[in-house]
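Have the model open as you read.

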Amino acid sequence: MTTVRLYSRQNDKTLPMLRAKQRIINNPLYVRLHLGPDADLFLDAYYWFTEEASKLCPKPADVKAPIWCSISESYCMRPIPGTVVYVLEVPTDQVIYFDNLRWDYVLNRIYIPQDDADKAAYDKHLKALGVSSPWDFFNKYPGLYPAEEDKIRRSWLRCFEVDINKLSPYQHSGNLWEIREEWVKKIVFPGQPIPKDDERL
């Protein structure tokens, strides 16, 4: 079984969950509490991500939201008071890779172009419609352009188009449905260094 190292900063309240249940799972409530007034926008994107990602890697029935992980120590958020970093060795078939830069398009509810030519064609299409930004379809004119909304949503699938042989810590992340106890190789507390990608644990 091949594995990959991932890093995930989580609230330290996950520690008793790990001890009691031998696993950690995410909950949309945590997102709502963390993000406050922006939670609805993020949760809509999370729900979309969960539905589409589950087609790529089936999720456990009790899981409602993914767990974000960094693919490299260099881009892992450092532990601050109230948090820890889990250093994981995860079976490769349990990881859902995605493009962080394209994920921003999903969060902003805009079209992800396939390439520069597609972007130019889409910009021309918007101009012909008299729409200044794809953001307007969901925010200024919700429901008035269902075909355009559908086209945008279908384009979001491009955030999963990742060449796993050319992963960049800056551009890509890996998501999990759960953190299993046997995957946890080290728990890093505030003030402690995070092991490097090639450091033996």
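A nonpolar core here is a set of buried Ala, Val, Leu, Ile, Met, Phe, Trp, Tyr and Cys residues joined through side-chain atoms within 4.5 Å. Buried means under 20% relative accessible area, exposed means over 50%, and partly exposed is what lies in between (1.4 Å probe, protein chains only). Keep in mind that this is a predicted model, where local features need pLDDT of at least 70 and side-chain atom pairs count only at pLDDT 80 or more, while totals for chains, interfaces and linings use all residues. Residues are numbered from 1 along each chain as its sequence is written, and side-chain values use heavy atoms, with hydrogens and water left out.

**The cores**

The largest nonpolar core holds 26 residues, and Trp48, Phe49, Trp103, Val106, Ile152, Trp156 and Phe160 have the most contacts inside it. At least two residues of this core come from each of helix H3 (39–56), strand S5 (96–99), helix H4 (100–107), helix H5 (116–129) and helix H6 (135–139). H3 gives the most, with 5 residues. Helices (H or I, at least four residues) and strands (E, at least two) are DSSP runs, numbered from the N terminus.

Take Trp156 as a way in: leaving aside residues up to four places away in sequence, Trp156 touches Trp48, Tyr105, Val106, Arg109, Ile110, Ile112 and Phe138. Contact means heavy atoms within 4.5 Å. There's also a second, separate core of 20 residues, with Val4, Met17, Cys69 and Val184 included.

**Two helices side by side**

H5 packs with helix H7 (residues 146–155) at an angle of about 165 degrees, and their axes are 13 Å apart. Axes are lines fitted to C-alpha atoms, for helices over the stretch in contact, and angles run from 0 to 180 degrees between N-to-C directions. Tyr122, His125 and Leu129 of H5 make the contact with Glu148, Lys151 and Ile152 of H7.

Asp123 is also in helix H5, and at 37% relative accessibility Asp123 counts as partly exposed. Asp123 and Lys140 sit 17 residues apart in sequence, with 18 Å between their C-alpha atoms.

**Positive phi and a proline**

Most residues other than glycine have a negative phi.

| Residue | Phi | Relative accessibility |
|---|---|---|
| Gln22 | about 60 degrees | 38%, partly exposed |
| Arg109 | near 55 degrees | 18%, buried |

Gln22 is in the loop between helix H1 (14–21) and strand S2 (23–24), whereas Arg109 is in the loop between H4 and H5.

Where is Pro28 found? Pro28 is in helix H2 (residues 28–35), and is buried with a relative accessible area of 11%. Pro28 touches Leu43, Tyr47, Lys64 and Ala65, again not counting residues up to four places away in sequence. For Pro28 and Leu43, 15 residues apart along the chain, the C-alpha atoms are separated by 7.0 Å.

**The whole chain**

Zooming out, the chain has 7 helices and 8 strands. Its C-alpha atoms fill a box of roughly 55 × 35 × 30 Å, taken along the principal axes. Of the 201 residues, 44% count as buried. Among contacts with a separation of 6 or more, 79% are between residues 24 or more positions apart.
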